Amino acid sequence: MADAGIRSFKKIGQLPPNFRLLLVASFLIPLGGFMVMPFMSFFLHDRLKMDMGTVGIIIAVASFVQMSGGVVGGIVADRYGLKRTMVLALTVRTTSFLLFVATFATPALSVPALLLSSVGVALYLPANKAYVVRDCDEERRPLFLSLNNSALNGGMALGPLISGLFIMNAPTVVFVAATGIFATVTLLHIRALPADERQTHEPASRQRGGSMKGLFIPPVITAAFGFYIYMFFQNYMSVYTVDRYPPMVFGLLLLINGVLVIVLQPLLSRWIDALNYPAAIALSFAAFAAGLLLIAQAGLPAVVLGVVLISLGEVVLFLKNELVALRYAPESPASVFGNQRLAAGIGAFASASTGGWLYESVTQSQGNDQLFWAYCAAQAAAFGLLAVVLTLVLKRPTEPPAEKTGPVTGAENITDAADEAETSRA
């Protein structure tokens with residue numbers, strides 16, 4: 001199952017140059033962003049003297065724009081071109097980080113800088129992923145997407161670790177360094193990334209209609225369900241573990257989650273692609289439910305195993321959703337990824353809203369926060385069953401005709417495919 005992925009890792013150097021550049025960008029962009037963003041609540045509260053309620057509202061709005069705004073980013077990218085949209089997005093983010101640097105003189109600029117950064121993320125990610133898949137056939141999509149996802153997750157994991165060493169003592173240095181990263185990546189996109197010639201020239205009204213139709217398909221609905229369940233783990237695990245264990249335990253659990261996703265998704269990408277979609281949904285939500293039930297046991301071995309199971313569900317579900325969603329609208333990949341971001345934003349927002357109320361209700365009425373995770377596990381089982389039923393009932397995409405007569409393993413012939421693509425564009 002993982003042999004093809006292992007062979008693929010050995011041939012990273014044979015990947016197309018454009019894709020390697022995007023991999024570097026997909027690592028550096030979240031690295032620069034997460035050097036600053038995790039500490040934003042502290043700066044808003046400490047420098048602007050905002051109360052935490054106001055801080056929470058500002059960050060919630062920024063997060064919603066960042067994730068759900070991807071549907072607009074997808075429409076823009078499909079209409080005006082992938083490279084143009086990525087360069088625009090990176091210019092917006094570089095500007096936002098220049099404003100962050102200026103906040104040391106004018107703290108009130110923190111809020112527009114944060115919102116502007118969220119707009120940049122919403123524009124960039126759909127175009128980035130669409131560029132990743134535009135020159136690879138369906139055989140190689142799982143590998144390319146999973147490697148890109150791993151680069152994104154790697155940057156998100158490493159950014160806070162690096163800046164955490166300096167941001168309290170030398171915050172200006174951290175903000176300037178992050179701004180330099182974004183400026184450099186913007187120039188790389190402008191100078192080194194070829195323009196995409198296969199951009200859409202349809203009227204914007206038709207594209208918006210197609211994008212809206214793409215919201216009511218099983219991969220989008222399942223993504224919303226999946227993020228709703230998954231974000232219980234992300235949002236409330238810290239409160240649960242810090243009450244029982246040293247703070248470093250929570251950091252270790254996040255590290256386990258990040259490493260498993262970064263390593264396993266590329267290794268299992270071909271197996272995930274071949275997996276029947278309803279079976280992938282059932283497997284993922286079963287892993288979520290079992291993992292949440294294990295966390296409810298509160299013993300450290302059970303909690304660790306629970307995190308492992310949740311990570312496995314994440315590895316399978318979110319990559320499979322993207323691959324299946326692309327089959328519904330292969331001609332508009334940026335809109336597909338934008339719709340997936342919208343679903344993620346809706347699911348995350350609902351999880352944060354209901355989760356806080358549920359956690360407080362359980363701990364106050366029952367005096368036992370372990371029951372919170374049991375309730376979450378029950379929701380995972382129910383939403384998983386509903387997602388499987390909807391997938392079986394709703395119309396499925398037409399499978400594309402097979403283009404190959406023989407098997408393709410790992411990253412074999414990737415260079416040849418890239419050469420053919422470059423020749424056809426020329």
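In the predicted model, Phe 97 is buried, with a relative accessible area of 0%. Phe 100 also counts as buried, at 1% relative accessibility. Both residues belong to helix α6 (residues 82-102), where they are three residues apart, or about one turn of the helix. A search of the whole structure finds 20 aromatic pairs. For Phe 97 and Phe 100, the ring centres are 5.2 Å apart and the planes stand at 75°, so this pair is edge-to-face; the cut-off for that class is an angle over 60 degrees.

A second aromatic pair is formed by Phe 225 and Phe 383, with 4.9 Å from centre to centre and 55° between the planes, and this pair is tilted. Phe 225 is part of helix α11 (residues 218-242), whereas Phe 383 is part of helix α17 (residues 370-393), so the pair ties together parts that are 158 residues apart in sequence. The two partners fall into separate accessibility classes: Phe 225 is buried, with a relative accessible area of 15%, while Phe 383, at 23%, counts as partly exposed.

A polar atom of the Thr 222 side chain lies 2.8 Å from the backbone oxygen of Pro 218.

The structure contains one cavity of 30 Å³ or more. The space in the largest cavity amounts to about 40 Å³. Phe 100, described above as a member of the edge-to-face pair, is one of the residues that line this cavity. The rest of the lining consists of Met 40, Phe 43, Arg 47, Thr 103, Phe 104, Ser 110 and Phe 175. Helix α3 (residues 40-47) gives the most to the lining, with three residues. By residue class, the lining of the largest cavity divides into five nonpolar, two polar and one charged.

Charged side chains are also found over aromatic rings. The charged end of Arg 134 sits over the ring of Tyr 131, at 4.2 Å from the ring centre. Arg 134 is located in helix α7 (residues 110-134). Although arginine is classed as a charged residue, Arg 134 counts as buried, at 15% relative accessibility. Between Arg 134 and Leu 82 there are 9.9 Å in space, C-alpha to C-alpha, and the two residues are 52 residues apart in sequence. In another arrangement of charge and ring, Arg 79 lies over the face of Tyr 80, with a distance of 5.6 Å from the ring centre.

Terms used:
Residues are numbered from 1 along each chain as its sequence is written. This is a predicted model: local features need pLDDT of at least 70, side-chain atom pairs count only at pLDDT 80 or more; totals for chains, interfaces and linings use all residues. Side-chain values use heavy atoms; hydrogens and water are left out. On a 1 Å grid over the protein atoms alone, a cavity is a set of points where a 1.4 Å probe fits but cannot get out, and a pocket is an open set with protein on both sides within 12 Å along at least five of seven lines; lining residues have an atom within 4 Å of a point. Grid points are joined across faces, edges and corners, and a volume is the space filled by probe spheres set on the points. Helices (H or I, at least four residues) and strands (E, at least two) are DSSP runs, numbered from the N terminus. Rings of Phe, Tyr and Trp (its six-membered ring) pair if their centres lie within 6.5 Å; planes under 30 degrees apart count as stacked, over 60 as edge-to-face and the rest as tilted. Buried means under 20% relative accessible area, exposed over 50%, partly exposed in between (1.4 Å probe, protein chains only). A charge sits over a ring if NZ of Lys or CZ of Arg is within 6 Å of the ring centre and within 35 degrees of the ring normal. A polar contact is a pair of N or O atoms within 3.5 Å; within protein, one must be able to donate a hydrogen and the other to accept it, and residues adjacent in sequence count only if both atoms are side-chain atoms.
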